[in-house]
Amino acid sequence: MTVSFKFDSLQYLDTDGAVVFEPLPEWANDAAILIPLYRTMVETRAFDAKAVALQRTGQLGTYASSLGQEAIGVATASVMTADDVLLPTYREYGAQFWRGTTMAEILLYWGGDERGSDYAGPRGDFPISVPIATHACHAVGVAYAMKLRQQPHAAVCFVGDGATSKGDFYEAINAAGVWRLPVVFVVTNNQWAISVPVSKQTAAETLAHKSVAAGIAGRRVDGNDCLAMKQAATEAIDNARNGRGPTLLEALTYRMSDHTTADDASRYRSAEEVDAHRLQDPIDRLRRYMESRGLWADAEEQELHDATAQRVEQQVKVYLDTPAPAPQTMFDHLYATLPRAFDAQRQAVIEEK
Amino acid sequence: MPEVTLVEAVNTALARAMGTDENVVVLGEDVGVNGGVFRATAGLQERFGEARVIDTPLAENLIAGTAVGMAAHGLKPIAEIQFMGFIYPALDQLLSHASRLRTRTRGRLTCPLVLRAPFGGGIHAPEHHSESTEALFAHIPGLRVVIPSSPARAYGLLLASIHDPDPVVFLEPKRIYRIVKQDVADDGHALPLDVCFVLRSGTDVTLVTWGAMTHETIQAADALSSAGISAEVIDVATIKPLDIETILESVEKTGRCVIVHEAARSGGWGAEISAQIMERGLLSLLAPVQRVTGYDTVMPLFRLEDRYMPSVDRIVQAAHATLGFE
């Protein structure tokens, strides 16, 4: 017998930015809250377009675009403090930018330079985790350390829909439940794990359902609705910080881009499918909402786009102007102190012309 | 000074570290209430509480991954994998994260964890409980791999591993967990990592080994001594990074070298040691380096286990082979 139950998805705004669910959170009329969210989403998108262009012109390595899913990271990060810890996968630049990681750092990272993960932003944040879901276990460890020290902080771990098929993910949510840890697992469900759709990842009705087996809170949210995303993240992170346990937050979105610049999504999904999701755009939606409330106007939009373009160019310049590290630096952070056993190899690198 | 076994020395070192530094936590399967299946963590939970001596869900990848997160966030986790045979789910965390977190963040985040696991054959254990795969870990850049061979070295090297600012895989030869007792002062004194220990001085042949095989190797040295052959015995202890200098100095003196390990032969850590001797000590050698190892077979179940493990006789014969080489 199959047990069936529903996880309703939280959504305040329809695709036109009209309110479809009330009451709205108090801050939903506060320009001082909304504009920074909007600005970071716009910056993230401008950065993203630039990064793809850099890759296409041979100035960046393979790059994973975050196009269309900016609201999830930005809204979640807006709820975090500097003492909380972000454990991102790739494609969560919005969260990283909000927290203080620079565009130049992300470019350095995809440009093949470890210094890109030595973030200016919160020094305790984890670097981008490429091996899928492996960092979900790190989030458990970070949250355990916070709980042991009775700190009112949270670990926030981003994974994708594909990650929910991995043992790491199950092991992490299971342990988080057992230890009632201050951790939030944000599942950015963008429907595609490279070429494999969610329907081939799992027979579970939703990804939020997986919270049930772990005995933790589960929640679904429209990840393209910035207001809903911020509200859901607020509740989940607040619960984590205040001893009310972990949450699995499934954020629904759609990967508008190829998986990476090395991928061609037209091999496995139709242009019609992608086009249909353009209506869902999180940036357009928030802008329409703000305009409808008189919180945003065309002049401000133009000003923001100009300022953003300048900022991106300036960050690209920082990236392009950063010379490659000296070859022997590959030894510099291997251990706290390089063991004598590797002195000869380090010297050989220096001497090789 | 109390006489203790190797596993008791591990327990003493863990208690010492936990008592000295409140950031030290112990986690693993059955390490808490049960005190570990080998009793290595006995009494720790009673003394230091459930929050610091943590019974984990049964998931080795989780244990290692949690330790990575803890270590990067300021704790000093000592994770136990119940047997090396179950360590492989944790390999991803060691290879993809623990060993490279410092490098990939330019030192912003570090990973001072210790991953302990009993390993090796010779106790007629069930399937998957007897292998020696230390070379898998030694191959990973950024890790330390430490193997004690006596109660005193277990105590001193484990403390050193806990103090070390980088990840250490600490492999405990379970065959000698209880066969030898030794006076070990619980004085908090760590032994140096990254150096070999010369267990016995000799002039005719160098016997290089680690872990439980030090016992057969010492017995072989005794047998050789009866035949008038003076064998030097080196316990590598930290197999990665390798203290090749001590081995080269010895080989320069003796001109002959036999490397002994339980692990399978091809790609075993003996191959690395042998290669480095060739690269840097070829002209000292009077005979080719010999290896006495487990075979390149699946570790047999215990009816044939003794035939798989290097014996005293095989070590003695290999030493004679180096002496008879012309």
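These notebook entries record what I looked up in a predicted model with chains A and B.

**Entry 1: extent of the interface**

I began with the contacts between the two chains. I found 45 residues of chain A in contact with 46 residues of chain B. I then turned to area, since the size of an interface is often given as the accessible area lost when the parts come together. Chain A and chain B bury about 3600 Å² between them, and 60% of this lies on carbon and sulfur atoms. In chain A, the residues that lose the most area to chain B are Trp179(A), His333(A) and Tyr335(A), which together make up 17% of what that side buries.

**Entry 2: polar and charged links**

I next searched for salt bridges, and the rule finds one across the interface of chain A and chain B. The side chains of Arg340(A) and Asp243(B) form a salt bridge, at 3.5 Å from N to O. For polar contacts, I noted 17 residue pairs between chain A and chain B, with both residues at pLDDT 80 or more.

**Entry 3: the side of chain A that touches chain B**

I asked which helices contribute here. H5 (134-148) and H6 (167-179) of chain A each supply at least two residues of this side. H5(A) gives the largest share, 10 residues. By class, I recorded 25 nonpolar, 10 polar and 10 charged residues on the side of chain A that touches chain B.

**Entry 4: helix H1 of chain B**

Finally, I checked the length of H1 (residues 6-20) of chain B. Its 15 residues should span 21 Å at 1.5 Å a residue, and the end C-alpha atoms are 21 Å apart, so the two values agree. I also listed buried residues of H1(B), among them Leu6(B), Val10(B), Asn11(B), Leu14(B) and Met18(B).

Terms used. Residues are numbered from 1 along each chain as its sequence is written. Chains are lettered from A and ligands numbered from 1 in the order in which they are written. This is a predicted model: local features need pLDDT of at least 70, side-chain atom pairs count only at pLDDT 80 or more; totals for chains, interfaces and linings use all residues. Side-chain values use heavy atoms; hydrogens and water are left out. Contact means heavy atoms within 4.5 Å. Buried area is the accessible area (1.4 Å probe) that two parts lose on being put together, summed over both. A salt bridge is a side-chain nitrogen of Lys or Arg within 4 Å of a carboxyl oxygen of Asp or Glu. A polar contact is a pair of N or O atoms within 3.5 Å; within protein, one must be able to donate a hydrogen and the other to accept it, and residues adjacent in sequence count only if both atoms are side-chain atoms. Helices (H or I, at least four residues) and strands (E, at least two) are DSSP runs, numbered from the N terminus. Ala, Val, Leu, Ile, Met, Phe, Trp, Tyr, Cys and Pro count as nonpolar, Asp, Glu, Lys and Arg as charged, and the others, Gly among them, as polar. The expected span of a helix is 1.5 Å times one less than its number of residues. Buried means under 20% relative accessible area, exposed over 50%, partly exposed in between (1.4 Å probe, protein chains only).
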